[in-house]
Amino acid sequence: MLFNLKASHRVKPAEQTPQETMYLSECDQISSPYHVPSIYFYAPASYPILEQIDVLKKSLSKALVRFYPLAGRLKKASGGRLELDCNAMGALLIEAESDSKMAEFGDFKPSHETLALAPNGTNLDFDSNPFQEVPLLLVQVTKFSCGGIAVALGLCSTLVDGQSQGNFVNQWAKIARGEDPGKPPFLDRRILQPRESSLSPFGNCHNHLEFNPPPLLLGHSDNSQMLSKATTVAMLKLSTEQIVKLRNMANESGIPNNNKRGYSRFEAIAGHIWKCASKVRRLHNQQQTRLDFPVDFRKLMKPTLPQDYFGRCTIQAVAITTAGKLLSEPLGYASAKIREAINMISDEYVRSHILYIKNQQYRTKGQYEGNPNLYMTNWAGLSFSGVDFGWGKEIYTGPVRVSSEGKGYMLRSPDGDGSMILALRLHLEDMDPFKKLFYQEIDGIISKY
C-alpha cells in the first residue's frame, strides 16, 4: 500500500476560549498519556475531497470552542501530577492519500495497514516530545483511490473515556451538518476531587484488585515467554440469534443471580470468550485467570455525575477465578463472576479508588499481562457509530489496533441489525482452535467447553 502525507493543519478554536490551567482528576492521572486511535471508513461521496477536508476543518474549529480542553496541552506539576494548560494551541489535522481501495481492507481487521491510517508516530507522541508540543487531538483524513475516505482520530487518554469521545465526535458531526450540536459538555473535573475526611482507602473493606498485578502462568516468574510468541487478530461476528442464545445459555444455567435481572449481552459474550480462551490456552485447573474490563461510573455516583461529563469516568472492574472452576461450570458461572465485579463498583468504591490513586502518587494502574488473562472493552454500548459529517454514516468504525494478546473489543456490526463483531488478539497457535470452539458451543455442536 503506497501512502502519502499531503498536508497538515493546525486547527484552533473558532472563537476565544478560556485561558486557564484546568484541574485533572485522579482518574485522569491513572496512566501515562497516549493517543487512543479509532477510525471511521466512509463510502465514496459526491463531495470532492478538498471540500470534505474544508468541512472537517471548519466544523472542528467550531467544535473546539465547546470542547476547548482538546485544544490545550498537558503540563507537569509538582509531584508528577498532570494539569491541563487551556492555551488554545489547537488540534492537528493531517491530509493523506493511498493508492489502495477500501475493499482491500476486507472486514477492517486492525492491522499494520489500518495503523498506517492513524495519526501516530514518534513525532507526535508524549514519550518522545515535551508535553507542550504534543496536540491532544489528532485527526488524519485519508483518501483512497476508489473515492472513499477514512477519518482516524487520536484523542489523549488522559482527557477522555469512551463516553466522552462519543459525545465529542457526535457533536462535531452535527456542527459539520449545520445542525444544533445540543447541550455543551460538562467540563469541571473538580467534581471528582478526593474527599479526604470521608473515606480512607486503607481503612475500609474494599480490595482494589484493579491495582494488583494480574496472575502469571503457573511456573513462570514473568510473562516474557508469552510476550515473545506470535499473535494474530481475528474479527468474529455474532448474529442477533447467536447473542440471544448466549444470553439464554447464561440465564438458564442454574447459577444464582441475586439481581434477578437477566445477564446482559456483555456479561454473556465476555463470559463465553473467557471460557473459550481458557480452554484453548490449556490452562491448569489451579491456574488463576482474570478478566478486566472498564465500567462507566457516571450513574453510580451519589449524586450521579452529568452524563455529558467530559473526562475519564471509568474504573477497571476485575473478575477472577481459577481455570478449573471456570471450565467445569456452565456459562452462567462466568457471567455471574462478571456481574459480581460490576456490582462492586459503587459511589464508595469509586471514591476509595480515587483516594488510592492519590496516595500512590499517580499512574499506579496494574498493567495487563496477557495469557492467562483477558481485557475486554465494550464499544457496542457507546455512541461511536452512526457519525455523519454530511456525506452519510460510516460503513465501519472500530479500533485501529488491538495492542496485545488477550485484548478484545466488542463492536456494533455496521449491518445495523443488532449483530456484533468481536475484534480479538490471541497467540497464533490458539486462534483457530478458539474460533472453532467459539461457534461450536453456540451452535450446539458440542455439549460443554
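## About the model

The model is predicted: local features need pLDDT of at least 70 and side-chain atom pairs count only at pLDDT 80 or more, while totals for chains, interfaces and linings use all residues. Residues are numbered from 1 along each chain as its sequence is written, and side-chain values use heavy atoms, with hydrogens and water left out.

## The overall fold

Let's start with the whole chain. It holds 10 helices and 15 strands; these are DSSP runs numbered from the N terminus, with helices (H or I) of at least four residues and strands (E) of at least two. The radius of gyration is 22 Å, close to the 22 Å that the globule rule gives for 449 residues, so the chain is as compact as a globular protein of that length. (The radius is taken over C-alpha atoms, and the globule rule is 2.2 Å times the number of residues to the power 0.38.) Along its principal axes, the C-alpha trace spans about 60 × 60 × 40 Å.

How much of the chain is buried? Buried residues make up 55% of the 449 residues, where buried means under 20% relative accessible area, exposed means over 50%, and partly exposed lies in between (1.4 Å probe, protein chains only). The accessible surface comes to about 19,100 Å², and 48% of it belongs to carbon and sulfur atoms; such areas come from the Shrake-Rupley method with a 1.4 Å probe, and for residues only the protein chains shown count as cover. Among contacts (heavy atoms within 4.5 Å) between residues at least 6 apart in sequence, 79% join residues at least 24 apart.

## Rings that pair up

Searching the whole structure gives 22 aromatic pairs. Rings of Phe, Tyr and Trp (its six-membered ring) pair if their centres lie within 6.5 Å; planes under 30 degrees apart count as stacked, over 60 as edge-to-face and the rest as tilted. Tyrosine 42 lies in strand 3 (residues 35-42) and phenylalanine 389 in the loop between strand 12 (374-378) and strand 13 (396-399), so the pair ties together parts that are 347 residues apart in sequence. Tyrosine 42 is buried, with a relative accessible area of 1%, and phenylalanine 389 is buried with 2%.

Phenylalanine 105 and phenylalanine 144 also form an edge-to-face pair, at 5.5 Å centre to centre and 65° between the planes. Phenylalanine 105 sits in the loop between strand 6 (91-98) and helix 2 (112-115), and phenylalanine 144 in the loop between strand 7 (137-143) and strand 8 (149-156), 39 residues apart.

Ring pairs link Tyr42, Tyr47, Phe67, Phe168, Trp172, Phe310, Phe389 and Trp391 into a cluster. Take a look at phenylalanine 310, found in the loop between strand 10 (288-296) and strand 11 (314-322). Phenylalanine 310 is buried at 1% relative accessibility. Leaving aside neighbours within four places in sequence, its contacts include Phe67, Leu70, Ser164 and Phe168. The C-alpha atoms of phenylalanine 310 and serine 164 are separated by 5.2 Å, though these residues are 146 apart along the chain.

Some rings have a charge over them, meaning that NZ of Lys or CZ of Arg is within 6 Å of the ring centre and within 35 degrees of the ring normal. Lysine 76 lies over the face of phenylalanine 131, 5.0 Å from the ring centre. The charged end of lysine 407 is over the ring of tyrosine 375, 5.5 Å from its centre.

## Cysteines

How many disulfides are there? The count is 0, a disulfide being a pair of cysteine sulfur atoms within 2.5 Å. For cysteine 313, the closest cysteine sulfur is in cysteine 27, 6.6 Å away and too far for a bond. Cysteine 313 is buried, with a relative accessible area of 0%, whereas cysteine 146 is partly exposed at 31%.

Most residues other than glycine have a negative phi, and most peptide bonds are trans. The peptide bond from lysine 302 to proline 303 is cis, with omega near -5°. Another cis bond joins asparagine 371 and proline 372, with omega about 20°.

Phenylalanine 108 has a positive phi of about 65° and is buried at 10% relative accessibility. Arginine 282 has a positive phi near 60°, but arginine 282 is exposed, at 57%.
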